[in-house]
Amino acid sequence: MRELMGIAYFAICAAIAVWATRRTKTADDFFVAGRGVGLVPFAIAAMASTLSGFAFIGGPGLVYGIGMTAVFIILPAGVTNTLGAWVLGTRMHRLGRARGLLTVPDALAARYRSPAAQGLSAVAILAGVIGYVATNALALGVVIDALFATGLGPGIWIGTAVTLAYSVSGGILAGIYTDVFQGVVMAVASTAVFLVALDAGGGLPAITRTIEAADPALLGPWGTRGAMTALSFFFVFAVGSLGQPQIAHKYYMLRDLARLKWYPVLMTIAMLLAQLLFVGVGVAVKALVVRGEMAPLASPDDATPQFLLRFVPVVLSALVFAGVAAAIMSTVNSFLSIGAAALTHDLPRALGREPIRQLTIGRLWTVVIAVLAALLAQQAGLLVAFLGILGYGLFASTLVPALAIGLNWTGATREGALSSIATGLALTVGLEWLVWSKRLTVPQGITVTGLTLVASLLVFLWVSWLTRGRAAAQLDDEVRRILEDG
Amino acid sequence: MIVLVVGLVGIVAAYVGILLGVASPAVPMLMALGSTAVLAGLAQLASVRRGRALPVLTRTVRWVFGGMAAGFIAVLLLPPPVAGGPLLLGLPRATSILLLLVGAMPMVVLPIAYARAFDTEVMPAEEPRNDA
């Protein structure tokens with residue numbers, strides 16, 4: 001049954017890709033879906049590309065292990081689903097249309113009249129993209145191996161080939177419409193498994209009483225890692241969400257600005273449904289293990305697979321496997337698109353060259369990034385683990401100050417933007433490397449991303465203040481109007 | 001902007017407290033209020049047009065982020081949960097208060113307030129107003 005559902009899932013993705021490929025004729029279609037996406041596909045695609053396989057496998061495992069502390073990773077979604085539209089939406093959309101922008105570094109170049117800001121941010125995005133795609137290629141290999149018993153290595157290549165097929169042919173246009181299908185699969189699977197998990201645990205009060213008898217801190221407000229770790233997660237995932245390029249550049253794709261009105265409502269509903277499994281499975285499995293109805297897990301990441309095998313009807317567990325594949329593939333497609341755009345469009349512009357044949361070259365770079373990521377994914381457990389933790393922090397620390405503050409504050413300067421991007425890039429790579437190679441230990445309660453995000457925000461504000469006399473001269477009239485009028 | 005900077009200073013103070021090994025309840029309080037202030041500062045910065053604060057969005061920022069701060073303060077001041085303690089909505093009381101004020105309240109209020117203010121405050125005058 002699982003194999004059949006897997007084949008059906010991949011066949012539907014392929015059909016959507018063929019449909020989208022026929023409509024992909026220009027670089028605008030390939031990188032920003034022809035700027036013609038409606039509200040519903042926009043919101044569901046944003047949800048699908050926000051959530052990776054972590055929401056289905058790593059997240060529930062983390063809830064099983066550290067309880068409420070892990071919930072602080074998704075708790076900020078209550079704020080960030082709206083804050084993205086509020087802080088970035090209108091300005092990104094209007095700048096994109098006024099200047100024909102394709103990428104997030106394009107927006108920084110327009111805002112600060114700075115090819116250097118475009119180039120530096122493109123380098124940061126590229127580094128993060130390769131890490132994200134490699135870790136997701138590895139996760140997809142695990143899922144395909146579980147579904148079809150291919151072995152991990154072939155699973156990675158099969159998953160990469162499927163995602164690559166529609167990413168290369170239809171670009172982000174194919175990505176958006178496969179995301180709609182994948183997002184619906186994720187939301188349905190997550191909601192259904194959440195209900196099964198509550199039922200298996202005997203209801204939420206029974207789950208709570210069972211867990212608190214064994215470990216009262218687990219379902220306490222901060223979980224087992226304490227208030228500072230939980231709050232660090234909250235800060236990083238709330239503020240850092242404003243620097244995620246796979247979401248920010250989607251504002252270029254909206255057909256018209258009026259459609260943004262109900263986006264936060266739809267995005268909130270979609271995210272809420274898709275994240276139910278994250279919490280439900282984690283706490284239910286913990287209660288079942290405490291009661292002796294399940295054996296203790298060898299690894300926290302086994303929480304979802306073990307629960308699916310023991311308690312979930314086979315049709316639903318097949319749907320969850322499809323949901324995991326959907327979450328991974330939608331994220332990979334988005335990152336392949338922005339990585340290819342950085343190489344095809346942003347870096348040539350930063351070096352003073354006008355990009356040429358962007359559709360063809362964009363497709364070539366998509367293949368190169370995917371193959372490189374799949375090769376890295378074969379080194380499971382070593383370099384790929386480091387690259388995986390790098391992505392989110394790099395995007396947050398390099399893009400939040402210059403983008404989220406810079407688009408809302410005319411006092412920001414080019415020098416402030418460049419300093420903060422350089423600070424975020426150097427500190428994130430340096431500190432994450434030192435921590436990963438065990439040359440540096442960060443005390444519990446502090447995250448490297450939290451440190452680098454605060455540092456780059458402070459550098460941005462401080463340098464902009466020092467160079468405040470140059471701010472007015474660095475703004476084009478048209479850009480100033482968009483910044484001031486929203 | 002002042003709220004944003006004050007929030008960042010609060011977070012830096014909390015991180016310094018951790019690095020120096022300070023075991024005071026003020027450390028997580030600074031982190032909680034600093035994070036909330038940074039978010040409120042960013043939202044407020046985006047709620048200004050030509051130097052004028054937009055009334056519906058500004059009120060929303062004050063009430064929502066004020067409510068979140070109150071939730072954090074309340075939970076940080078409550079005693080740690082014990083087995084057999086009171087439940088609220090099936091979870092330990094402090095956990096439910098946190099989830100309601102920091103998770104559910106902004107999840108409900110912010111998107112609705114944004115949609116309510118959209119036509120009058122968010123949409124620039126020159127943009128076409130289509131039905132979404």
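Author: Let's start with burial: a residue is buried if 20 or more other C-beta atoms, placed from the backbone, lie within 10 Å of its own, exposed if 12 or fewer, and partly exposed in between. This is a predicted model, where local features need pLDDT of at least 70, side-chain atom pairs count only at pLDDT 80 or more, and totals for chains, interfaces and linings use all residues. Residues are numbered from 1 along each chain as its sequence is written, with chains lettered from A and ligands numbered from 1 in the order in which they are written.

Reader: Is A:Ile44 buried or exposed?

Author: A:Ile44 has 25 C-beta neighbours inside 10 Å, so this residue counts as buried. You will find A:Ile44 in helix 3 (residues 39-50) of chain A; helices are DSSP runs of H or I, at least four residues, numbered from the N terminus.

Reader: Which residues is A:Ile44 in contact with, leaving aside neighbours within four places in sequence?

Author: Two residues are in contact if their C-beta atoms, placed from the backbone, lie within 7 Å. For A:Ile44, the partners are A:Asp179, A:Val180, A:Gly183, A:Val184 and A:Ala270.

Reader: How many residues does each chain give to the contact of chains A and B?

Author: Chain A gives 53 residues and chain B gives 52 residues. On the side of chain A that touches chain B, helix 6 of chain A supplies the largest share, nine residues. That side divides into 36 nonpolar, eleven polar and six charged residues. Here Ala, Val, Leu, Ile, Met, Phe, Trp, Tyr, Cys and Pro count as nonpolar, Asp, Glu, Lys and Arg as charged, and the others, Gly among them, as polar.

Note on methods. Helices (H or I, at least four residues) and strands (E, at least two) are DSSP runs, numbered from the N terminus.
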